[in-house]
Amino acid sequence: MFSLNHNISSDSSERNIPDSNLSLRNGAKAAWPICLGYIPIGLAFGVLADQTGIPFWAVGLMSILVFAGSAQFIAVAMLAAGASPGSIILTTFVVNLRHILMSSSLALYLHSVNRWFLTLFAYGITDESFAVNMTRFRKGGWDKVSALGVNHISNIVWVLSTISGVLVGQFIPQGAFGIDYALTGMFICLLVFQLQGKKFLLTGMLAALIATVWFLLIPGNSYIVGASICAATIGFWINRKAGR
Amino acid sequence: MSLNDYLFLFAGMGLVTYIPRWLPLLYLSHRRLPQWLIEWLKLIPVSILSALLAPTLFIDTELHSLQLGKAELIVAIPTLLFALKTKSLGGTVLVGMLLYWISSLLL
């Protein structure tokens, strides 16, 4: 993994990035709240997979190939219930469609970047890395190598946490030090960073309202995509009308 | 399940997960985007963050009903104020964890 990152670094140095090792280190620094949040979830996932009879190497393989927390939990539950591979793959597709929105928004800040870089970068787009990277990009002084660092360091921690969960998960006490709140706390702070003016505040409140109602009415996780598209669209129109 | 069964299943899951992560970025980053789309996409991060948080804070996922007294929500208020005041991501995460831990010991 690190030799791979190194190749990217040397490639990007041609694009006026002063020190790509520094960029990568900045990425690692920015990723720690994500890693902190992934550890308990990854361990819990490993324990669940172990109880379902999935060996550690298969858990590692799944975390490397899929790298999507909620879809992996659902897949294990479906495997336990004896679902067919086709139905698990289809469910995974639906659950992970929300990444279309994130991938599209990231394009704003990765304009005309090399396609190979984007191909490597896209693998690590998650709810968490998206939230951290978008906030940093918007603030400025954030580059694509740092962003790639966030993605891949989170990925390594996820893979290792899930494997550890299978091997030693049952020996680790749950809920210690409030670690289950790490990702919630991170999302709260990143949300605060996003609230730069009335239209963002309005859109955020709309999204929370719509997501809550949607979640109660429609099973599954379609509320994420549904509420995000509705809120952004309403916020966009209100802003346009107000601007005239 | 054998290695091949697992490999087939996880490769399939990986492929359908990777494509939605990859195609929009690959396509849109090499196009000139219309201004309205840029404006709209700028509202997506705040929307996604809000939508992701809402059920955690407002809904009892076991009972599948609205629940406005969850520990997650009560802890979120001082955590939010701390984030507003300090603008520190690391500090906010640690304060949130600490308060949540305390709340779990008290309740």
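**Two chains, one helix crossing**

Me: Where do helix α6 of chain A and helix α1 of chain B come within 8 Å?

Reply: The axes of α6(A), residues 99-106, and α1(B), residues 3-28, come within 8 Å and cross at roughly 25°. That makes the two helices roughly parallel (angles under 35 degrees). Axes here are lines fitted to C-alpha atoms over the stretch in contact, with angles from 0 to 180 degrees between N-to-C directions. Helices are DSSP runs of H or I, at least four residues. This is a predicted model: local features need pLDDT of at least 70, side-chain atom pairs need 80 or more, and totals for chains, interfaces and linings use all residues. Residues are numbered from 1 along each chain, chains are lettered from A, and side-chain values use heavy atoms, without hydrogens and water.

Me: Which residues in α6(A) meet α1(B)?

Reply: Among them are His99(A), Ile100(A) and Leu106(A). Their partners in α1(B) include Trp22(B) and Leu28(B). Contact means heavy atoms within 4.5 Å.

Me: How much area is buried between chain A and chain B?

Reply: About 7,200 Å², with 80% from carbon and sulfur atoms. Buried area is the accessible area (1.4 Å probe) lost on being put together, summed over both parts. Chain A gives 92 residues to the contact and chain B gives 71.

Me: How many salt bridges cross the interface?

Reply: The rule finds 1 (Lys or Arg side-chain nitrogen within 4 Å of an Asp or Glu carboxyl oxygen). Lys199(A) pairs with Glu39(B), closest N and O atoms 3.3 Å apart.

Me: And which side chain meets Arg98(A)?

Reply: Asp127(A), in a salt bridge at 2.9 Å, N to O.

Key. Angles under 35 degrees count as roughly parallel, over 145 as roughly antiparallel, 65 to 115 as roughly perpendicular and the rest as oblique. Buried area is the accessible area (1.4 Å probe) that two parts lose on being put together, summed over both.
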